[in-house]
Amino acid sequence: MKDLPVYLNDHLAGSVGALEMLDDMIESHKGKPLEAFLKNVRQDIESDQNELKELIKGLGIDESTMRKAGAWMMEKLSRAKLHVGNSGDPNLELIQSLEALALGITGKRSLWRTLGTVGENSRPLQGIDFARLEARADDQFERVESQGLEIARQILGPELTMAER
């Protein structure tokens, strides 16, 4: 078993980066209407991360400290581009951060779908409700994308209106 530990640890590392990014976003939007939304999404992703950790543990796979540290580091480096804004007001960086988060959720949805598919013939994966986890990822994606599109309307819509003049 050489590929499964890498695959699962890569997804675990992705969840570490997502939670770090959400922590930064929550801090930047403290006391603003977006804070509650971000906290809710963070709670969902942390719950999914815990499910993944339990799966990894149940399969007897070691968590890769190196991969998690690498994800943490990449999130910190990505702030130069995806800085979530100091003002807490909606901005382009917020849109891009939500897009990055949505991409990560799409990857997580693929993880659950893949494991559900291979789990049909794998005794250690049987009994795990991957369809429920995939549906939860679908819901998270829809919420994050919807929020990002609303912020894009607020920010980019007026710019397009001005460009038409």
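Visitor: Which residues touch the most other members of the largest nonpolar core?

Guide: They are L8 and L101, in a core of 36 residues. A nonpolar core is a set of buried Ala, Val, Leu, Ile, Met, Phe, Trp, Tyr and Cys residues joined through side-chain atoms within 4.5 Å. Buried means under 20% relative accessible area, with exposed over 50% and partly exposed in between (1.4 Å probe, protein chains only). This is a predicted model, in which local features need pLDDT of at least 70 and side-chain atom pairs count only at pLDDT 80 or more, whereas totals for chains, interfaces and linings use all residues. Residues are numbered from 1 along each chain as its sequence is written, and side-chain values use heavy atoms, with hydrogens and water left out.

Visitor: Why is α1 called roughly antiparallel to α4?

Guide: The axes of α1 (residues 3–28) and α4 (residues 92–119) come within 10 Å and cross at roughly 150°. Axes are lines fitted to C-alpha atoms, for helices over the stretch in contact, and angles run from 0 to 180 degrees between N-to-C directions. Angles under 35 degrees count as roughly parallel, over 145 as roughly antiparallel, 65 to 115 as roughly perpendicular and the rest as oblique. The pair is therefore roughly antiparallel.

Visitor: What makes α2 and α4 roughly parallel?

Guide: Their axes are 13 Å apart and the packing angle is about 30°, so α2 and α4 are classed as roughly parallel to each other. Among the residues making the contact are V41 and I45 of α2 and L101 of α4. By class, this contact has 14 nonpolar, no polar and three charged residues. Ala, Val, Leu, Ile, Met, Phe, Trp, Tyr, Cys and Pro count as nonpolar, Asp, Glu, Lys and Arg as charged, and the others, Gly among them, as polar.

Visitor: With which residues is L101 in contact, leaving aside its neighbours within four places in sequence?

Guide: Contact means heavy atoms within 4.5 Å. Beyond those neighbours, L101 is in contact with A18, M21, L22, V41, I45 and V144.

Terms used: Helix = DSSP H or I, 4+ residues; strand = E, 2+ residues; numbered from the N terminus.
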